[in-house]
Amino acid sequence: MAYRVARSITRNEDTALDVVQDAFLKAFKALDGFRGDAAFRTWFGTIVANEARGAIRAAKRRKEAKGEGPARTDRVEKALRDRWDYLKQSFGGYSTEFSI
């Protein structure tokens, strides 16, 4: 059950295995906090799902930090456009005779 939940959320076998392992450790550490209001399966399934979502968020943050994600790309493109507009305004009055 745990692997299926993790795999369905992460869509990656290796990540799902890591998520299940992390979820087992987290559940074991929090076992004394299990009150029994819900079935153990439900409680543990929630931990697995939360760990899987956390793994996706962490991977997305790593990807964006490396410059591969959309957030960084958008910022870089906007900065380049702004710089280009500034240069066009600054040098727009000069003759194109000396342009490269």
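Let us start with a question: what covers the buried residues of helix 3? The cover includes helix 1, residues 2-10, and helix 2, residues 13-29. Please keep in mind throughout that this is a predicted model.

The protein chain contains four helices and zero strands, and the pattern along the sequence reads α-α-α-α. Helix 3 spans residues 40-65, which gives it 26 residues. From its first C-alpha to its last it reaches 37 Å, close to the 38 Å expected at 1.5 Å a residue.

Which residues of helix 3 are buried? They are Trp43, Phe44, Gly45, Ile47, Val48, Ala49, Glu51 and Ala52. In the protein chain, which has 100 residues, buried residues make up 17%.

I turn now to the chain as a whole. It exposes about 8200 Å², and carbon and sulfur atoms supply 55% of that area. Consider next the contacts between residues at least 6 apart in sequence: 48% of these join residues at least 24 apart.

Finally, a word on confidence. The mean pLDDT of the protein chain is 84, and 83% of its residues reach 70 or more. Which element has the lowest mean pLDDT, and which the highest? The lowest belongs to helix 4, residues 70-91, with a mean of 72, whereas helix 2 has the highest, at 95.

Thank you for your attention.

Definitions and conventions: Residues numbered from 1 in each chain as written. Predicted model: local features only at pLDDT ≥ 70, side-chain atom pairs only at ≥ 80, totals over all residues. Heavy atoms only, no water. Helix = DSSP H or I, 4+ residues; strand = E, 2+ residues; numbered from the N terminus. Buried < 20%, exposed > 50% of the residue type's maximum accessible area, 1.4 Å probe, protein only. Contact = heavy atoms within 4.5 Å. Areas by Shrake-Rupley, 256 points an atom, 1.4 Å probe, with all protein chains shown as cover. Expected span 1.5 Å × (residues − 1). pLDDT = per-residue confidence, 0-100.
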